[in-house]
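I opened my notebook today to go through a structure chain by chain. Here is what I looked up, in the order I did it.

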Amino acid sequence: MWRRLREAARRAKRNPLTVVGLLMVALVIVLAIFAPWIAPHPRDIQVVHPNDLFRPPSLEHLFGTDEMGRDILSRVIFGTRISLRIGTLVVVLALAIGLPLGIIAGTFGGLLDEILMRVTDIFLSFPPLLLAMAISAALGPRLENAMIAIAIAWWPWYARLIRSEAVSIRERAYVEAARAVGTSWPRILLRHVLPNCLAPVIVQASMDFGSVILTSASLSFLGLGAQPPTPEWGLMITVGRTFFLTHWWIVTFPGLAILLAVLAFNLTGDGLREILDPKAKRW
Amino acid sequence: MISYVTRRLALSLLSLLGVSIIAFTLTRVIPSDPADMWMGPHATVEQIERARIELGLDKPIPVQYGLYVAGFLRGDWGTSIVTKQPVLRDLGTYLPASIELILVGMIIAFAVGIPLGILSAAKCGTSIDHASRLLSITGVALPSFWLAMLLQLVLGKMLGLFPLSGRLDFTMEILHAPHRLTGSYLVDAVFTANWPVLRDALWHIALPAVTLAMYPLGLSTRLIRTTLLEVLGEDYIRTARASGMRESKVLAVYALRNAVGPVLTVGALTFGYSLVSTFLIESLFAWPGLGRYAAKAIVSVDYPAIMGVTLLVAATYVILNLVVDLVQAFMDPRIRLS
Amino acid sequence: MTLYLRAFRTAAAALAVLLAALGLSLPLAGADLQIAVHVQAAEVVPVWDPSDGASGEIALMNNVYEALLRYNAVENTFEPILATSYEKSADLKTWTFKLRQGVKFHTGNVMDAAAVKFCVDRTIARGRGSAYIWGPVDSVEVVDPYTVRFHLNMPAPLDLIAAAGYSAYIFDPAYSDSDWFNAGHDSGTGPYTIDTVEGREKVIVKKFADYWRGWEGKHFDRIVFLTLGEASTSRLMVETGKADFVESLPATDIEALRNNSAVRVEVNPSLQNLMVLYNTQREPLDNPLVRRVLSYLIPYEDTVKVALGGYGQVARGVIPHGLWGHSDRVETFTYSPTVAKALLAQAGYPNGGLKLFTTYPAGYDDIRKTVELWKAACAELNIELDARAMPTAERNAIARSPDPTKRQDIYLLYWWPDYANPDSFLSGMFYSQEKPAYNLCYYKNPTFDALIDYAITLPAGTPGAIDMMVELQNMLQREAPGIAVWDMQYLRVTASSLKGYVDNSAYPNVVFWYNCYRE
């Protein structure tokens with residue numbers, strides 16, 4: 001019985017879903033890079049067509065046209081660029097703050113650690129969406145500002161995650177040994193602590209890619225993110241919600257795009273976790 | 001134990017103080033001229049000046065913060081610029097609807113998520129497991145406002161099975177006026193034996209609750225699966241199995257006990273967040289809840305309302321976390337409180 | 001999921017049957033109540049205090065409170081409400097109103113001259129909302145219990161003011177505490193009184209039994225005022241017969257609704273237009289040529305077609321169609337990229353390269369679409385409209401910033417007069433203001449100011465006054481500190497079964513529900 005379970009667990013690692021996730025991520029990246037060549041109506045990012053409003057899906061416009069006569073398929077394809085940009089920028093920015101702080105706190109401990117943990121406590125008890133909303137409202141409605149806002153709400157999670165990894169690494173024998181032979185701290189951080197933190201960070205970051213895209217869509221819904229006519233998926237849904245009961249295609253396709261993109265990153269992250277970090281069960 | 005709780009409470013208070021300072025600073029940094037909201041559209045030059053003075057915006061920010069905290073401790077959370085009501089009263093108006101929605105959503109989530117997680121762990125590696133994993137990851141990946149629209153479109157408009165928005169039908173509300181005890185129509189209807197209202201309220205809450213349930217559903221399925229897989233590998237389970245206990249009984253006895261931890265965690269986590277993040281669902285379903293109030297407060301830079309919501313949600317979150325930790329420790333002696 | 005909920009419902013129903021058998025179920029009291037549902041676009045009651053209003057509460061308040069008179073904008077007549085008759089002096093500075101006797105407030109007290117004086121004095125003293133419409137009033141005199149006299153410091157159409165849709169309500173002085181109002185109470189004389197309040201999103205009013213007109217004939221017993229926030233769900237409500245009146249649905253929905261026999265669509269004139277204000281104090285829009293370039297780049301016809309779905313008119317001058325002072329003699333811009341291009345070169349920007357920070361109110365589809373069309377047209381000449389949809393408070397903080405470098409280049413807004421008064425469009429946005437309130441083009445022109453000062457002394461609607469309005473608008477046209485893009489039409493969607501509803505542009509979005517019934 002026990003063997004069967006273990007066998008099953010091993011098979012789960014070679015999960016077909018991970019492959020699907022990776023393929024979908026690859027597709028998103030390809031679409032983003034080659035958007036101007038793939039999109040059937042690349043000019044519809046800027047141009048409006050007063051005579052083609054609300055066309056239902058057809059061969060000419062596979063996803064139909066929106067309330068300004070623009071081809072929705074083309075806009076969804078260009079939207080991949082924006083979503084990738086949002087995901088990358090936010091995760092990188094949040095890591096840039098959270099990684100050094102987490103490593104330093106976890107490695108050195110003491111008062112520094114205490115202070116840092118209290119600060120992350122504050123941020124963690126702040127509802128993240130509310131924080132992001134307030135910050136992007138403070139910075140003014142622009143996509144860039146929304147990204148900064150999300151990153152500010154996000155870094156404490158990384159700081160926490162990395163700190164706990166660093167703490168456990170600090171105790172390990174080889175770090176103790178390195179210290180005993182007088183290796184300098186920066187060297188220890190760089191050679192021993194940092195590489196060992198990376199696995200959980202990569203997993204977390206790829207999962208967060210999806211959540212960031214969702215959060216940014218929520219901010220757009222409030223008018224705090226991208227500005228029209230940017231083909232950001234969340235914004236397209238926001239604008240289309242006035243018509244969704246009569247013109248279903250305007251919100252359906254951008255929403256599907258969000259779902260698939262987020263799904264892709266989550267599946268990938270999930271798979272990566274099982275490969276890189278099989279112990280972790282935190283989501 | 002006591003000292004642990006005291007320490008946690010003290011730290012929580014510290015966090016809340018930090019939250020209040022950050023929130024206060026943020027709201028004052030947002031460029032805002034509330035004159036038109038306070039005085040009415042087309043405000044005149046004199047009205048703009050007067051609004052600033054009446055709202056205390058002419059004072060230095062630290063003084064404003066001091067006044068706010070002093071008032072807060074006295075139970076005066078300020079007056080909303082938008083609604084012109086005391087913030088505390090507003091929170092009392094909007095909170096019950098939110099709590100009702102979130103609780104029903106979580107009941108749905110757990111009613112589906114727990115069995116699914118157990119099933120998934122029991123049939124680990126099979127196609128059932130894959131399907132449930134896909135479902136749980138999809139649940140987390142679904143943009144809630146998009147799902148809300150699809151449900152409204154298909155189940156509401158096309159099939160006509162559910163109402164599109166609101167908490168109660170108007171005729172129902174007028175003919176069977178629900179008696180307000182808790183502010184939750186479901187609870188009040190049960191207590192006052194108002195069955196038509198109960199039925200109608202359930203019917204109205206269905207779509208928003210299902211939408212809201214997707215995220216905790218995915219999360220709980222997932223957590224229960226991983227927890228169980230871990231537990232099922234432990235020695236005492238092997239012993240139990242070896243001593244001839246049937247697999248279904250193993251699951252029933254140990255699975256259920258071990259499901260408590262993840263369920264509590266997901267519950268606490270989602271509850272705290274949902275108070276605000278449901279604003280998308282609440283706006284689409286015209287659900288008069290706290291999320292909608294918070295969103296409105298932020299986009300209209302309603303300082304006192306933003307502060308009130310932030311502190312309320314942060315406090316809820318901090319307290320729930322503490323409670324969950326204590327309950328878990330109480331139930332599982334292996335967890336040490338430190 | 002459906003199955004699940006079915007189970008729930010069945011269980012609940014079974015429980016209900018069981019308890020009914022035990023005699024616990026509620027009696028179906030008042031099942032024949034006539035209930036009307038009025039769906040609004042925004043919050044039902046932004047303001048509770050009858051002195052302070054100036055926005056969306058107008059629809060509810062006009063059914064709960066009453067003013068001395070009611071103005072019929074189409075026929076230019078006054079209907080006596082709380083006043084039965086009135087006289088004005090030849091110089092228009094003394095107005096005497098005879099009050100209706102036997103009118104009761106919802107509180108049970110009797111309405112009299114002292115109450116009228118109290119309300120007007122209170123509204124002026126509070127100075128909120130549209131209170132400034134009473135600006136010309138020097139003092140209010142109680143002549144006898146049912147006669148009240150207004151002494152003005154300048155000639156003014158006090159009948160129009162006393163009939164205003166905002167800040168002109170009469171309420172019980174004994175119940176006039178602002179906090180009491182804010183808690184959802186009223187002390188008006190209208191046919192309905194507030195019954196249930198659910199936040200600011202839903203208010204139910206009920207018949208006031210002692211209403212002075214009585215309740216003979218067919219009337220509604222309850223009116224539900226609510227906002228759904230979403231146009232799509234509002235539309236479905238009226239289509240499925242769940243709502244009797246829906247204000248301002250998006251024009252895109254209207255064509256489809258016209259084919260539905262359960263629904264009646266009315267297109268009514270409005271006094272509301274879309275204004276564009278250019279920052280005349282800052283480069284590059286301090287140059288009138290550049291302002292003209294931008295004005296030539298608005299695809300006016302397309303904006304009416306796309307943004308308003310054809311339900312509106314291209315503006316001609318800042319005074320909208322249907323208000324006196326609007327005239328074909330006012331010159332206007334047309335969409336002309338070639339003219340714009342030539343002017344742009346003349347202004348010193350042959351290759352464009354301008355970036356203009358533009359703010360517009362968030363949440364209005366017609367404005368957003370107009371901006372998108374304009375933005376696309378500007379992009380052709382390499383002018384970037386950096387347009388951002390913002391909430392009013394934030395936008396106005398930028399627009400009114402003490403630091404002129406922080407202000408926007410272009411500000412878009414709806415404008416409507418507080419009473420049928422063309423001067424509102426001219427002095428509100430273009431009269432010099434040291435600290436700007438709504439002169440957000442920061443326009444300063446002493447000649448223009450002087451002409452306005454003169455124009456408002458002329459009797460309303462007379463040929464001389466109209467000539468002045470034309471002259472002033474042409475002056476704005478030449479200098480282009482700001483222009484109007486389109487004049488709106490209000491689209492009212494009602495259930496076909498609703499009878500007795502008449503649109504009155506002096507009270508936008510108001511249904512006088514006492515006059516309505518269902519057939």
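**Entry 1: chain C, surface and build**

I began with the surface of chain C, which exposes about 19,400 Å², with carbon and sulfur atoms supplying 54% of that area. A note to myself before going on: this is a predicted model.

Next I asked what secondary structure chain C has. I found 15 helices and 19 strands in chain C.

Then I looked up the dimensions. The C-alpha trace of chain C spans about 85 × 70 × 40 Å along its principal axes. Why do I call the radius of gyration of chain C one that agrees with a compact globule? A compact globule of 519 residues would have a radius of gyration near 24 Å, and chain C has 26 Å, so the two agree.

I also checked burial: 59% of the 519 residues of chain C count as buried. For contacts, I took pairs of residues in chain C at least 6 apart in sequence, and 71% of those contacts join residues at least 24 apart.

I stopped at C:Leu92, where phi is near 60°, a positive value in a residue other than glycine. C:Leu92 sits in the loop between strand E4 (83-88) and strand E5 (94-99) of chain C. Is C:Leu92 buried or exposed, or partly exposed? Its relative accessibility is 28%, so C:Leu92 counts as partly exposed; the cut-offs are under 20% for buried and over 50% for exposed.

I then turned to C:Tyr442, which is not a glycine either and has a positive phi of about 55°. The loop that holds C:Tyr442 lies between helix H13 (423-430) and helix H14 (446-455) of chain C. Here the relative accessibility is 4%, and therefore C:Tyr442 counts as buried.

I looked up a peptide bond as well. The bond from C:Glu283 to C:Pro284 is cis, with omega near -10°. I located C:Pro284 in the loop between strand E12 (263-278) and helix H8 (288-296) of chain C.

How many helices and strands does chain B have? I counted 15 helices and zero strands in chain B.

I read off the domain division next. Chain B is divided into domain 1 (1-82 + 301-338) and domain 2 (95-299), so I noted that domain 1 is written as two stretches of sequence. The C-alpha centres of domain 1 and domain 2 of chain B lie 29 Å apart. At their meeting place, 17 residues of domain 1 of chain B are in contact with 22 residues of domain 2 of chain B.

The C-alpha atoms of chain B fill a box of roughly 85 × 55 × 40 Å along the principal axes. Of the 338 residues of chain B, 61% count as buried. Among contacts in chain B between residues at least 6 apart in sequence, I found that 71% join residues at least 24 apart.

Chain B has 26 positive and 22 negative side chains, with the centres of the two sets 9 Å apart.

**Entry 2: chain A**

I finished with chain A, which has 11 helices and zero strands. From the N terminus on, I read its elements as α-α-α-α-α-α-α-α-α-α-α.

The C-alpha trace of chain A spans about 75 × 55 × 35 Å along its principal axes. Buried residues make up 60% of the 283 residues in chain A. Of the contacts in chain A with a separation of 6 or more, 72% are between residues 24 or more positions apart.

Chain A exposes about 11,500 Å², with 67% of that supplied by carbon and sulfur atoms. I noted 27 positive and 19 negative side chains in chain A, and the centres of the two sets lie 8 Å apart.

Where did I find a cis peptide bond in chain A? The bond from A:Pro228 to A:Pro229 is cis, with omega near 5°. A:Pro229 belongs to the loop between helix H9 (185-221) and helix H10 (233-240) of chain A.

How values were computed:
Residues numbered from 1 in each chain as written. Chains lettered and ligands numbered in written order. Predicted model: local features only at pLDDT ≥ 70, side-chain atom pairs only at ≥ 80, totals over all residues. Heavy atoms only, no water. Helix = DSSP H or I, 4+ residues; strand = E, 2+ residues; numbered from the N terminus. Rg over C-alpha atoms; globule rule 2.2 N^0.38 Å. Buried < 20%, exposed > 50% of the residue type's maximum accessible area, 1.4 Å probe, protein only. Contact = heavy atoms within 4.5 Å. Areas by Shrake-Rupley, 256 points an atom, 1.4 Å probe, with all protein chains shown as cover. Lys, Arg positive; Asp, Glu negative; His and termini not counted. Charge placed at Lys NZ, Arg CZ, Asp CG, Glu CD.
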